Amino acid sequence: MSQHEPFSNVRVLTHSAIRMESEYGAVLYFDPFDLAEEFHDADAVVITHSHYDHLSPADIAKVAKEGTLLIAPESCAAEVAPLGMPVITLAAGEATSVKGNVVHAVPAYNVEPERLGFHPKENGWLGYLLVMDDITYYIAGDTDQNPDNEGLRCDVALIPIGGTYTMDAAQAAAFANKLRPRIVIPTHYGTAVGPKEAVDAFEPLVDKRIEVMRKMEWR
């Protein structure tokens with residue numbers, strides 16, 4: 001295990017915008033959106049799907065530097081091509097690496113009837129398992145618990161809790177309890193969708209053996 005605490009290199013900047021930095025300085029952003037600052041330090045930007053609050057060209061520009069790699073689902077190839085960046089597209093089950101940090105693509109989709117039209121399985125949108133500093137992080141993207149993600153193994157899980165388009169607080173807690181990570185970090189609430197109070201409903205439902213790190217504390 002790395003000398004890092006498994007959350008010390010993680011920042012949830014807003015919504016589902018996540019910054020990850022390795023012990024050796026590699027910087028990856030997942031779904032940068034609605035950023036107040038410009039960072040220009042990304043070795044890679046990783047996109048889960050094409051919705052505006054996950055694939056935001058203006059916010060990608062705020063984190064990109066010369067040579068930044070863009071990683072996205074195969075189904076988003078047409079949307080990311082105009083950005084003029086080097087691109088790697090992935091389908092579920094495929095992987096790539098960024099400065100020795102391995103990014104595995106996993107399916108992300110809805111199964112609840114009221115949400116089937118928002119993130120259908122056939123769109124090929126993704127979540128990711130990131131292996132960084134000997135810690136496995138699960139960045140779920142916009143998803144419900146489903147047969148393709150409920151058996152994943154991870155140390156830290158970043159999962160949406162805001163409801164409407166993704167799991168609500170109770171469903172997300174049940175998913176976290178199924179995954180059994182060491183730490184869970186809730187995302188996708190308090191900004192574009194889902195009230196800030198969603199985390200107050202989420203945390204008491206999570207198994208006490210799992211540490212809950214509140215997203216809004218990272219702002």
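## Close-up views of strands and salt bridges

**View 1. Met20 stands opposite Leu28 in strand 3.** This is a predicted model, in which local features need pLDDT of at least 70 and side-chain atom pairs count only at pLDDT 80 or more, while totals for chains, interfaces and linings use all residues. Residues are numbered from 1 along each chain as its sequence is written, and side-chain values use heavy atoms, with hydrogens and water left out. Strands 2 and 3 pair in the antiparallel sense over four bridges; two strands count as paired if DSSP finds at least two bridges between them. Strands themselves are DSSP runs (E, at least two residues), numbered from the N terminus. The two strands make a hairpin with five residues between them, and Gly25 in the turn has a positive phi of about 95°.

View 2. Look for Val12, which stands opposite Ile18 in strand 2. Is strand 2 largely enclosed or open? Four of its five residues are buried, so the rest of the structure largely encloses strand 2.

**View 3. Arg19 and Asp41 meet through their side chains in a salt bridge (2.8 Å, N to O).** The pair links distant parts of the chain, 22 residues apart: Arg19 sits in strand 2 (residues 17–21), and Asp41 in the loop between strand 3 (27–30) and strand 4 (42–46). A salt bridge here is a side-chain nitrogen of Lys or Arg within 4 Å of a carboxyl oxygen of Asp or Glu. Both Arg19 and Asp41 are buried (buried means under 20% relative accessible area, exposed over 50%, partly exposed in between, with a 1.4 Å probe and protein chains only).

**View 4. Asp144 and Arg115 form a salt bridge, with their closest N and O atoms 2.8 Å apart.** This pair also links distant parts of the chain, 29 residues apart: Asp144 is in the loop between strand 10 (135–139) and strand 11 (156–160), and Arg115 in the loop between strand 8 (101–107) and strand 9 (126–132). Asp144 and Arg115 are both buried.

**View 5. Asp148 and Lys121 form a salt bridge, with 3.4 Å between the closest N and O atoms.** Asp148 lies in the loop between strands 10 and 11 and Lys121 in the loop between strands 8 and 9, so the pair ties together parts that are 27 residues apart in sequence. Asp148 is partly exposed, at 31% relative accessible area, while Lys121 is exposed, at 51%.
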